[in-house]
Amino acid sequence: MPDTDLIRGYATALFQIAAAEDAIDRVSDELFRFSKALEQHHELRAALTDIAVPAERKLAVIDEIFGDKASPHTRNVLGFVISQGRTRELSQIVESLGSLAAEARDRVIAEVRVAQPLSDDQRPRLEEALSRATGKRVDVKVVVDPAVLGGIHAKVGDQVIDGTVRRRLQELKERLD
C-alpha cells in the first residue's frame, strides 16, 4: 500500500518547483503522458523499477526516450523521482501533481480515453461538455487507447462517463439476451 503522505509530499515539492519555473502545465502534461506510457510498457517499467539497475542507467534511458521532446523541467523531475527510488510510485505522484495543478486553477482533472488523438477543436468542446456534465471546470488529460475502438471513456474523480462503442455494444447485447 503506497504511503499517501509520502506521495503527496513528493507531488507538492515537485509542484512548487515546476510552479516556480512557470512550467507547471507543461510538466504536468508531459509527466501524465509518460506515466501512462510507463503503465503500458512492461519492459520499460521493469527496467526503471529494478533496484539492480543503477540510477545512472535509468536516467540515460529517460534521456534516450525524451531527447528534446520534453522540457528540461520534466526530465529533471523524472530524474529526481527515479534517483530517489520512487519510480514505482510515479503514477500516484503524477496523479497527485496533476490534481494540485488543477486545484491551483480551480479545476478538476478528467482522464479521457479515446481510440484516436483529439483534434485541436475537439479538446475544448470535450472540456466544455464534461464541465456541463459534472458541474465542474475540467482539464482534459487524453490517453490514446486503441482498445476503446470508438467514442470516449472519461473519468472525473469518482464519476465515470462511458460513451465507448464497446460499452454501447455491451448494452445492446444485454438487451438482446
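Modeller: Let's begin with a nonpolar surface patch of about 490 Å², made by Leu149, Val165, Leu169, Leu172 and Leu176. A patch here takes residues with over 30% relative accessible area and no salt bridge, joining nonpolar side chains (Val, Leu, Ile, Met, Phe, Trp, Tyr) within 5 Å, and like charges within 9 Å. The areas come from the Shrake-Rupley method with a 1.4 Å probe, and for residues only the protein chains shown count as cover. Please keep in mind that this is a predicted model, in which local features need pLDDT of at least 70 and side-chain atom pairs count only at pLDDT 80 or more, while totals for chains, interfaces and linings use all residues. Residues are numbered from 1 along each chain as its sequence is written, and side-chain values use heavy atoms, with hydrogens and water left out.

Helices (H or I, at least four residues) and strands (E, at least two) are DSSP runs, numbered from the N terminus. Val165 has a relative accessible area of 32%, so it counts as partly exposed. On this scale buried means under 20%, exposed means over 50%, and partly exposed is what lies in between (1.4 Å probe, protein chains only).

Now step back to the whole chain. It has eight helices and four strands, which follow the pattern α-α-α-α-α-α-β-α-β-β-β-α along the sequence. Its C-alpha trace spans about 55 × 35 × 35 Å along the principal axes. Of the 177 residues, 37% count as buried. Ile62, in helix α4 (residues 55-66), is a buried residue with a relative accessible area of 2%. Ile62 and Thr12 are 50 residues apart in sequence, and their C-alpha atoms are 22 Å apart in space.

Charged side chains come next. A salt bridge is a side-chain nitrogen of Lys or Arg within 4 Å of a carboxyl oxygen of Asp or Glu, and by that rule the count comes to 15. Lys36 and Glu39 both sit in helix α2 (residues 24-40), three residues apart, or about one turn of the helix. Glu39 is partly exposed at 31% relative accessibility, whereas Lys36 is buried at 14%. Lys36 also forms a salt bridge with Glu111, at 3.2 Å from N to O. That pair links distant parts of the chain, with Lys36 in helix α2 and Glu111 in strand β1 (residues 108-114), 75 residues apart. Glu111 in turn pairs with Arg113, with their closest N and O atoms 3.3 Å apart. Lys36, Glu39, Glu111, Arg113 and Asp145 are linked in a network of salt bridges.

Helix α2 also packs against helix α5 (residues 72-83), at an angle of about 55 degrees with the axes 9 Å apart. That makes α2 oblique to α5. Axes are lines fitted to C-alpha atoms, for helices over the stretch in contact, and angles run from 0 to 180 degrees between N-to-C directions. Angles under 35 degrees count as roughly parallel, over 145 as roughly antiparallel, 65 to 115 as roughly perpendicular, and the rest as oblique. The crossing of α2 and α5 is right-handed; that word applies if the near helix is turned clockwise from the far one by less than a right angle, and left-handed applies if anticlockwise. Helix α1 (residues 4-20) and helix α6 (residues 90-104) cross at roughly 55 degrees, with axes that come within 8 Å. Helices α1 and α6 are therefore oblique to each other, and their crossing is right-handed.

Finally, a word on the backbone. Most residues other than glycine have a negative phi. Asp22, though not a glycine, has a positive phi of about 55 degrees. Asp22 lies in the loop between α1 and α2 and counts as exposed at 73% relative accessibility. Asp106 has a positive phi near 55 degrees. You will find Asp106 in the loop between α6 and β1, exposed with a relative accessible area of 57%.
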